[in-house]
Amino acid sequence: MRLIGMLDSPYMRRVAISLRMLNLPFSHESLSVFRTFEAFSKINPVVKAPSLVTEEGVVLMDSCLILEYAERIAEPALGLTPAEITHFTRSQRIIGLALAACEKSVQIVYEHDLRPSEKRHQPWLDRVHGQLADAYRLLEAEVQQADPWIFADRPLQADITSAVAYRFTREMLPDVIAAGDYPALAALSEKSEASEAFLAYPFS
């Protein structure tokens with residue numbers, strides 16, 4: 001399999017780390033949706049990262065859909081989703097909060113980096129900042145129960161996505177969330193970033 005995209009994308013990084021944890025072999029091709037648009041478009045004309053090319057040559061996109069596919073072809077014992085329905089439901093909530101934090105962080109980054117300052121709509125930007133703060137406030141409350149991980153004695157998808165999201169926001173928006181704002185998330189991030197799969201695909 002081939003995984004296409006840059007590791008500075010939280011969506012790309014959560015897929016790369018998850019594939020590693022699922023013990024699914026793949027090659028990583030660092031193509032940017034901005035700097036190498038034409039090369040990326042030859043693999044996936046939609047130019048969406050991450051993109052996964054399966055062994056059969058099928059191009060998949062969207063991190064959630066790629067990971068759903070990955071779970072189906074991985075060994076069940078390595079699965080990253082809790083089997084028990086109550087834990088599964090809570091896991092989906094945590095992942096949703098983390099992905100919302102990713103989305104709002106990306107929107108803020110794009111607003112500042114891609115849109116001319118005179119065209120920024122401050123009321124919309126204020127609302128996005130509020131949504132980001134609420135996502136992390138709720139995520140912090142969920143992650144406080146991790147011992148050592150949220151659901152098991154190993155990281156599952158809720159841990160992976162939460163840690164990836166937090167690192168992305170801290171790297172890209174250091175003035176928006178301070179290191180001490182969310183101690184449980186900071187601890188989860190530190191523990192995750194020291195693991196083999198995270199070290200194999202570092203934020204860059």
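This is a predicted model: local features need pLDDT of at least 70, side-chain atom pairs count only at pLDDT 80 or more; totals for chains, interfaces and linings use all residues.

Me: Why is Asn23 called exposed?

Reply: Asn23 has a relative accessible area of 55%. Exposed means over 50%. Asn23 is therefore exposed. Its place is in the loop between α1 and β2.

Me: Why is Val47 called buried?

Reply: The relative accessible area of Val47 is 10%. Buried means under 20%, so Val47 counts as buried. Val47 sits in the loop between α2 and β3.

Me: What makes the phi values of Asn23 and Val47 worth a remark?

Reply: Phi of Asn23 is near 60°, a positive value, and the residue is not glycine. Val47, also a residue other than glycine, has a positive phi near 55°. Most residues other than glycine have a negative phi.

Me: Why is the peptide bond from Ala49 to Pro50 called cis?

Reply: Look at omega. For the bond from Ala49 to Pro50, omega is near 0°, and the bond is cis. Pro50 lies in the loop between α2 and β3. The bond from Asp147 to Pro148 is cis too, with omega near -5°. Pro148 is in the loop between α5 and α6. Most peptide bonds are trans.

Me: How do you know that Glu29 and Arg2 form a salt bridge?

Reply: Check the distance. The closest N and O atoms of Glu29 and Arg2 are 2.5 Å apart. The cut-off is 4 Å between a side-chain nitrogen of Lys or Arg and a carboxyl oxygen of Asp or Glu. The pair therefore qualifies as a salt bridge. Glu29 is in strand β2 and Arg2 in strand β1, so the pair ties together parts that are 27 residues apart in sequence.

Me: Why is Glu29 called partly exposed?

Reply: Glu29 has 24% relative accessibility. Buried is under 20% and exposed is over 50%, with partly exposed in between. Glu29 is therefore partly exposed. Arg2, at 31%, is partly exposed as well.

Me: What makes Arg20 and Glu196 a link between distant parts of the chain?

Reply: Arg20 forms a salt bridge with Glu196, with the closest N and O atoms 2.4 Å apart. Arg20 is in helix α1 and Glu196 in helix α8, 176 residues apart. Arg20 has 37% relative accessibility and is partly exposed. Glu196 is partly exposed at 48%.

Me: What makes a network out of Arg13, Arg167, Glu171 and Glu193?

Reply: Their salt bridges share partners, and this joins Arg13, Arg167, Glu171 and Glu193 into one network. In the whole structure, the search finds 10 salt bridges.

Me: How do you know that Ala163 is buried?

Reply: Ala163 has 0% relative accessibility. The limit for buried is under 20%, so Ala163 is buried. Ala163 lies in helix α6. Its C-alpha atom is 7.0 Å from that of Leu185, a residue 22 residues away along the chain.

Me: What lines the largest pocket?

Reply: The largest pocket has a volume of about 730 Å³. Of its 28 lining residues, Ser9, Val33, Phe34, Val106 and Tyr110 are the closest to the centre. Helix α4 gives the largest share of the lining, 7 residues. The lining holds 18 nonpolar, 4 polar and 6 charged residues.

Me: Which element gives the most to the lining of the second largest pocket?

Reply: That is α3, with 4 residues. The second largest pocket has about 260 Å³ of space. Its lining has 4 nonpolar, 3 polar and 3 charged residues. Among them are Arg14, Cys64 and Phe88.

Me: What makes the nonpolar surface patch?

Reply: Phe34, Tyr110 and Leu114 make a nonpolar surface patch of about 330 Å². Phe34 lies in the loop between β2 and α2.

Terms used:
Residues are numbered from 1 along each chain as its sequence is written. Side-chain values use heavy atoms; hydrogens and water are left out. Patches are made of residues with over 30% relative accessible area and no salt bridge: like charges are joined within 9 Å, nonpolar side chains (Val, Leu, Ile, Met, Phe, Trp, Tyr) within 5 Å. Accessible areas come from the Shrake-Rupley method with a 1.4 Å probe; for residues, only the protein chains shown count as cover. Helices (H or I, at least four residues) and strands (E, at least two) are DSSP runs, numbered from the N terminus. On a 1 Å grid over the protein atoms alone, a cavity is a set of points where a 1.4 Å probe fits but cannot get out, and a pocket is an open set with protein on both sides within 12 Å along at least five of seven lines; lining residues have an atom within 4 Å of a point. Grid points are joined across faces, edges and corners, and a volume is the space filled by probe spheres set on the points. Ala, Val, Leu, Ile, Met, Phe, Trp, Tyr, Cys and Pro count as nonpolar, Asp, Glu, Lys and Arg as charged, and the others, Gly among them, as polar. Buried means under 20% relative accessible area, exposed over 50%, partly exposed in between (1.4 Å probe, protein chains only).
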